[in-house]
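Subject: Structure handover

Dear colleague,

I am passing on the structure we discussed. Please look through it alongside the notes further down.

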Amino acid sequence: MKKHLCILLILLTTIKVSAQDHSKTPEIKPLVIGETVTFHSSVLDENRKLNIYLPQNYVADSTKTYPVIYLLDGALDEDFIHIAGIVQFGSFSWINMVPESIVVGIANVDRKRDFTYPTTIAQDKIDFPTSGKSEDFINFIEKDLQPFIQEHYRTEGTTTIIGQSLGGLLATEILYKKPELFDNYIIVSPSLWWDDQSLLQLEPKAYHSEKQIYVAVGKEGEIMERDAKSLYQNLDANKKENTKVYFQFLEAQDHGDALHLAVYGAFEVLFGKG
């Protein structure tokens, strides 16, 4: 009898301790800030990964449509998370810096291939052996990516592209050659040195829709700073009434950390708070 009572007391104590321990176990859930989509590009004939940030009330309000911000270098270990964070913060009602927007981060497969046009410089061909396919990537944006986003998400038509470094070179090429693809261009630290600055020698294609263009560069050396300023000056000198052009020099930043502050500054002026 005593033996049975002792076993019962041990069992009850074990159950009580187990219950107490269970109540102290932290609840862990994934932290979700968006969704990742992989789809096949018929233009590039390869699968491409997108990271998508959706506004807070996107699911709750099924009638509202949103502008779209396309981000080059948009992988999770590239620029997607911190740029999506600026968009979320800037769209808070008490901040009201940027409208609630969908962010489409385009993850890279081969950025040197996708972001550069063919070069005549022998050393560039050696250093960047896969380079020169930007025309294909621009066609991918126009014929695959934008239609995919328009079909699967509630968009309202206004589009912005953000590109930095080689991404800034590509954004500039789009602006010069197919400007109607985007309404707003945020071009940061563009690698306009490519092919001996040949892009700056082109005459930009005319367009009829309204455009806002924001060029920024940090303390990045004579060539980078000169080329970014030349881009701004060329665009500003030849702008039409339907175009606004802005320039920002970030003297405390360099090529590695200019993007975040540049995008924040761009949002302030492009969307009406600057």
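This is a predicted model: local features need pLDDT of at least 70, side-chain atom pairs count only at pLDDT 80 or more; totals for chains, interfaces and linings use all residues.

Helix pair. Helix α5 spans residues 134-152 and helix α6 spans residues 166-177; their axes come within 11 Å and cross at roughly 70°. Angles of 65 to 115 degrees count as roughly perpendicular, so α5 is roughly perpendicular to α6. On the α5 side the contact is made by Ser-134, Phe-137, Ile-138 and Ile-141, which meet Leu-170, Glu-173 and Ile-174 of α6. By class, five residues of this contact are nonpolar, one is polar and one is charged.

Largest pocket. The largest pocket holds about 350 Å³ of space. Its lining consists of 17 residues, and those nearest the centre are Pro-204, Lys-205, Tyr-207, Asn-238 and Lys-240. The lining of the largest pocket has nine nonpolar, four polar and four charged residues.

Second largest pocket. Here the space comes to about 290 Å³. The second largest pocket is lined by 13 residues, with Tyr-53, Leu-54, Pro-55, Gln-56 and Gln-88 closest to its centre. Helix α2 (residues 80-90) provides the largest share of this lining, four residues. Seven residues of the lining are nonpolar, five are polar and one is charged.

Regards

Key:
Residues are numbered from 1 along each chain as its sequence is written. Side-chain values use heavy atoms; hydrogens and water are left out. Axes are lines fitted to C-alpha atoms, for helices over the stretch in contact, and angles run from 0 to 180 degrees between N-to-C directions. Helices (H or I, at least four residues) and strands (E, at least two) are DSSP runs, numbered from the N terminus. Angles under 35 degrees count as roughly parallel, over 145 as roughly antiparallel, 65 to 115 as roughly perpendicular and the rest as oblique. Contact means heavy atoms within 4.5 Å. Ala, Val, Leu, Ile, Met, Phe, Trp, Tyr, Cys and Pro count as nonpolar, Asp, Glu, Lys and Arg as charged, and the others, Gly among them, as polar. On a 1 Å grid over the protein atoms alone, a cavity is a set of points where a 1.4 Å probe fits but cannot get out, and a pocket is an open set with protein on both sides within 12 Å along at least five of seven lines; lining residues have an atom within 4 Å of a point. Grid points are joined across faces, edges and corners, and a volume is the space filled by probe spheres set on the points.
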